[in-house]
Amino acid sequence: DKKGIVELWDNFVEIVEEYSLEWELWCVGTGDLWSQRKLHPLIKHFGFLQPDELGEVIKCTGVYILPSKYEPWGVSLHEMVSAGMPVLVSKDVGSRGCFIEDEVNGLVFSHKIKNDFKDKLLKMTQYSSSELLNMGKESVHLSNKFSTTTWMETLNKIHD
């Protein structure tokens, strides 16, 4: 599971049960693990969604989690910080360096450090609504560092 989804499901269930939390985990997509997805009353599986449907889901959620064990870039991270989401992201996501400042607009965890993912997931549940809102504002600020113009300038530098 190079996407880190099984660890996400397992860590989430352990946390909500151990700390009696009412958080929900909303999962979007129908990857290779769809038939083996974790069934739990606080995990909601949406399957594949069209972009307009995804927008509605984003409006109802509080944190974006990208737990990949291998993700060369991770376009979705840019999309979610642009949408104003606080984020929890694996160190193995290539775009992390551009779109997340640890403890500013979210948290970064390492799969290589025992329990780091679970510890950071728990920490995200302990932030207040206003702290998460401020992280979301910082996400938008970070996402604005990259516009079409800056991307073109970067590509031109690479090409030259």
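N115 lies in the loop between β5 (106–109) and α5 (116–126), where helices (H or I, at least four residues) and strands (E, at least two) are DSSP runs numbered from the N terminus. The model is predicted, so local features need pLDDT of at least 70 and side-chain atom pairs count only at pLDDT 80 or more, while totals for chains, interfaces and linings use all residues. Residues are numbered from 1 along each chain as its sequence is written, and side-chain values use heavy atoms, with hydrogens and water left out.

Phi of N115 is positive, near 65°, in a residue other than glycine. With a relative accessibility of 45%, N115 counts as partly exposed; buried means under 20% relative accessible area, exposed over 50%, and partly exposed in between (1.4 Å probe, protein chains only). A positive phi of about 70° is also found at E103, which is not a glycine. E103 is placed in the loop between α4 (96–99) and β5 and is partly exposed, at a relative accessible area of 48%. Most residues other than glycine have a negative phi.

S110 is likewise in the loop between β5 and α5. S110 is buried, with a relative accessible area of 9%. When neighbours within four places in sequence are left aside, S110 is in contact (heavy atoms within 4.5 Å) with K91, D116 and F117.

D116 and F117 are among the buried residues of α5, together with K118, K120, L121, L122, M124 and T125. Helix α5 is largely enclosed by the rest of the structure, because 8 of its 11 residues are buried. The cover over these buried residues includes α1, β3, β4 (87–90), β5 and α6.

Two packed helices are described by the angle between their axes and the distance between the axes. For α3 (residues 75–82) and α6 (residues 129–143), the axes come within 7 Å and cross at roughly 120°. Axes are lines fitted to C-alpha atoms, for helices over the stretch in contact, and angles run from 0 to 180 degrees between N-to-C directions. Helices α3 and α6 are therefore oblique to each other, given that angles under 35 degrees count as roughly parallel, over 145 as roughly antiparallel, 65 to 115 as roughly perpendicular and the rest as oblique. H78, V81 and S82 in α3 meet S139, V140 and S143 in α6. These contact residues divide into 2 nonpolar, 4 polar and no charged; Ala, Val, Leu, Ile, Met, Phe, Trp, Tyr, Cys and Pro count as nonpolar, Asp, Glu, Lys and Arg as charged, and the others, Gly among them, as polar.

V57 belongs to helix α2 and counts as buried, at 11% relative accessibility. Beyond its neighbours within four places in sequence, V57 is in contact with W26, V28, F46 and L49.

A pocket is an open set of points on a 1 Å grid over the protein atoms alone, where a 1.4 Å probe fits, with protein on both sides within 12 Å along at least five of seven lines; lining residues have an atom within 4 Å of a point. The largest pocket has a volume of about 1300 Å³, the space filled by probe spheres set on the points, which are joined across faces, edges and corners. Of its 45 lining residues, W26, C27, V28, Y64 and I65 are the closest to its centre. At least two lining residues each come from α1 (5–19), β1 (25–28), α2 (51–59), β3 (64–66), α3 and α5. By class, the lining has 27 nonpolar, 10 polar and 8 charged residues.
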